[in-house]
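This report is meant for someone meeting the structure for the first time.

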Amino acid sequence: MEILRSKRASTAEAQTPRSIPLYRSAPDIEVRIDDFELYAIDRLRVLKGISDGLSRGKKPDEMEKLVEELWRANMRHQDPSEITKKDIISHFVLRLVYCRSEELRKWFLQMETTLFRCRYRAESYESQKMIMSEFNITNKPIGSAEYETVKDKLVQVARSISQTSISDTIFFKVPFEEVPDLVASRRVFLRKGYAYVAMNQVVSLLVTHFQSTLSKALDLTNSKWLTIMVHERDRLKPMVEALSTSYLGPDYSQPKEYADISLKDIEQLASSSFPLCMRHLFDKLREDHHLKHGGRMQLGLFLKGVGLKLEDALAFWRAEFSPKVNTERFDKEYAYSIRHNYGKEGKRTDYTPYSCQKIISSTTGSGDHGCPYRHFSEENLRAALGKMGVGGHTLEDVIDKARNHHYQLACTLTFEAIHATSCESGINHPNQYFSESRKILQPKSQTTE
């Protein structure tokens, strides 16, 4: 796949009527640089939505509905004939993005496999048979004689999974290691190393093949990564590296709601509406009268995003640093970087507050910034959550999510516990947390005045 300024006719795979491409080889097509990035971002929205659904423990039927909604919302194209091409291109772009580490490969493999499973189950019977033939699976349906010898066992399995009848069901005999999820959930009959798989369970067999093929392809792409980047160092490399940590939500560089907080408001807002990462930084600043550069950037841009004006920001940091840093030293060593964050110095770039993904992926050595759900010890996280009023079963749920690397879901559960309401969209940005909190709490404060 070449990334060029114009595009020509696609290959046979991009034109095939099959609704689910198998992504066996990169298409020999030219792609506009804008489409290269935009297609990847659209698919990434789908995969991140799947990740959120899985971490929330959604059931298979709920996941299928979620995937259908995500796909319809993000993978459309103004030209219907271009939809399959967008599907293929976006997959291979994200292969480049997520091949570069074991952690990235593992995440991409799980999300793409889930996407394939849900899309396959939504296909018609005829389409499913076509996809099955594309995998070149050699297993044939069992004959009537063998069926009669195992019929009673198949009926028992069917009853155990609430399947009322198997009279019209076609069964395949496959090596048991090819359907590990069915074996683990005891949804198939096992005999002499083989699993008897019903036609409506064949998706598990296909998923195993799809996952294995994609896993090998990711390893191969990773081995070619350095060579690819030698030729695309200036154009492609920055884009690819940015996509894996990209934030896809609203822009919080400028406050949109509950804007213009004042110095006198900060302490109360920190207690009621700051997410744990920002509350920790605020408390540490109050305690130590200093934060290292990473902490100052994380908290400073957050405060800018929630509406703290430049003049008040300078006054805030000067006052907090004053027990250790005199005014002259502050103006010389720290004021410039604050004005720089507000776009008043240097290149005059209007810097954006850090998203959850950026904070989670940051390297912390000082312990004064980062994501508490990822970077705190379990003991410290429990203590910090306790100070916020999170306890009981909810506390254990939050700890469990953090332990299993679902950091944003842990933050979402914290938000829901503190505000006694659900947050279906999930928390993806500290400034989103603040904005959603103010939506809930500000009307309450107004009614009590």
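A residue is called buried when its relative accessible area is under 20%. With a relative accessibility of 9%, Cys411 therefore counts as buried, and Cys99, whose relative accessible area is 0%, is buried as well. The model is a predicted one, and a search of the whole structure finds 0 disulfides in it. Cys411 accordingly takes part in no disulfide, and the nearest cysteine sulfur, which belongs to Cys356, is 5.7 Å away.

**Aromatic rings**

Across the whole structure, the search finds 20 aromatic pairs. Tyr23 and Phe92 make up an edge-to-face pair, with 6.5 Å from centre to centre and 75° between the planes. Because Tyr23 lies in the loop between helix H1 (12-15) and strand S2 (30-32), while Phe92 belongs to helix H4 (residues 83-98), the pair ties together parts that are 69 residues apart in sequence. Both Tyr23 and Phe92 are buried.

Ring pairs also link a cluster made up of Phe274, Phe282, Phe302, Phe316, Trp317, Phe321, Phe330, Tyr334 and Phe434.

| Charged residue | Ring | Distance to the ring centre |
|---|---|---|
| Arg119 | Trp71 | 4.0 Å |
| Lys304 | Tyr342 | 5.7 Å |

In the case of Arg119, the residue lies over the face of Trp71, and in that of Lys304, the charged end is placed over the ring of Tyr342.

How many cavities of 30 Å³ or more does a search of the whole structure find? The search finds 3 of them, and the largest cavity holds about 140 Å³ of space.

Which helix gives the most to the lining of the largest cavity? That helix is H13, with 4 residues. At least two residues of the lining come from each of helix H13 (293-306), helix H14 (310-321) and helix H16 (335-341). Sorted by class, the lining of the largest cavity comprises 8 nonpolar, 4 polar and 1 charged residues.

Terms used:
Residues numbered from 1 in each chain as written. Predicted model: local features only at pLDDT ≥ 70, side-chain atom pairs only at ≥ 80, totals over all residues. Heavy atoms only, no water. 1 Å grid on protein atoms, 1.4 Å probe; cavity = no way out; pocket = protein on both sides within 12 Å on 5 of 7 lines; lining within 4 Å. Points joined across faces, edges and corners; volume = space filled by probe spheres on them. Nonpolar A, V, L, I, M, F, W, Y, C, P; charged D, E, K, R; others polar. Phe/Tyr/Trp six-rings, centres within 6.5 Å; stacked < 30°, edge-to-face > 60°. Buried < 20%, exposed > 50% of the residue type's maximum accessible area, 1.4 Å probe, protein only. Lys NZ or Arg CZ within 6 Å of the ring centre and 35° of its normal. Disulfide = S-S within 2.5 Å.
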